[in-house]
Amino acid sequence: NMRVDISFKNLERSNIIDSIIDKHIKKVERRIKLFKTDEAIHLSLHAEKNPHKDDYFCWINMYMPFKVLKAQSRKKSVSIVINDSFSALIKQLDKFKYKLEKHLRKK
């Protein structure tokens, strides 16, 4: 079970943005199933647009019982900035998953 908080600043929420986020949330959820934890995992995403120019910023923090993962990006497009942040997060998640599996294999 994962709690997801999403916030936007200077930026309208749209179906396109929602579908991009949903697609990535599903990828994250598939990965965290492997951790088999009953404790809640909390993902927090914040996206904002610079009010003065076409510049977008996004950060994602993922609070897990044993680790906090953080990813962020700044790009010229809202969809790219969200995709970018999630790619960075998923890369960290995979790395962490690999370390955990390696650790479990040693036992």
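Modeller: Let's start with a definition: two strands pair if DSSP finds at least two bridges between them. Keep in mind that we are reading a predicted model. Here strand 2 (residues 41-49) and strand 3 (residues 56-64) are joined by eight bridges and run antiparallel.

Biologist: Thanks! What kind of bonds hold the strands of a sheet together, in general?

Modeller: Strands pair through backbone hydrogen bonds, in either a parallel or an antiparallel arrangement. In this chain, strand 3 is antiparallel to strand 4 too, over nine bridges.

Biologist: How many residues does each hairpin use to join its strands?

Modeller: The hairpin from strand 2 to strand 3 goes through six residues, while the hairpin from strand 3 to strand 4 goes through two.

Biologist: Now the whole fold, please. What pattern does the chain follow along the sequence?

Modeller: Reading along the sequence gives β-α-β-β-β-α, with two helices and four strands in the chain. The four strands make an open sheet, ordered 1-2-3-4, with mixed pairing. Strand 1 (2-9) and strand 4 (67-75) are the edge strands, each pairing on one side only. From one strand to the next, the twist averages 10°.

Biologist: And where does helix 1 pack?

Modeller: Helix 1 (residues 15-32) packs on the sheet and touches strand 1, strand 2 and strand 3. The direction of helix 1 makes about 150° with that of strand 1. Helix 2 (residues 78-106) lies across strand 2, strand 3 and strand 4, and runs at about 150° to strand 4.

Biologist: Why is strand 3 said to be largely enclosed?

Modeller: A residue is called buried when its relative accessible area is under 20%. Seven of the nine residues of strand 3 are buried, so the rest of the structure largely encloses this strand. For the chain as a whole, 36% of the 107 residues count as buried.

Biologist: Let me try single residues. Is Asp-55 buried or exposed?

Modeller: Asp-55 counts as buried, because its relative accessibility is 11%. Asp-55 sits in the loop between strand 2 and strand 3. Leaving out residues up to four places away in sequence, Asp-55 touches several residues, among them Glu-48, Arg-74 and Lys-75.

Biologist: What share of contacts joins residues at least 24 apart?

Modeller: Counting contacts between residues at least 6 apart in sequence, that share is 53%.

Biologist: Last one: how many positive and negative side chains are there?

Modeller: The chain carries 25 positive and 13 negative side chains, and the centres of the two sets are 8 Å apart. As for the surface, the accessible area comes to about 7,000 Å², with 50% of it belonging to carbon and sulfur atoms. The C-alpha atoms fill a box of roughly 55 × 20 × 20 Å along the principal axes.

How values were computed:
Residues are numbered from 1 along each chain as its sequence is written. This is a predicted model: local features need pLDDT of at least 70, side-chain atom pairs count only at pLDDT 80 or more; totals for chains, interfaces and linings use all residues. Side-chain values use heavy atoms; hydrogens and water are left out. Buried means under 20% relative accessible area, exposed over 50%, partly exposed in between (1.4 Å probe, protein chains only). Contact means heavy atoms within 4.5 Å. Accessible areas come from the Shrake-Rupley method with a 1.4 Å probe; for residues, only the protein chains shown count as cover. Lys and Arg count as positive and Asp and Glu as negative; His and the chain ends are not counted. The place of a charge is taken as NZ of Lys, CZ of Arg, CG of Asp or CD of Glu. Axes are lines fitted to C-alpha atoms, for helices over the stretch in contact, and angles run from 0 to 180 degrees between N-to-C directions.
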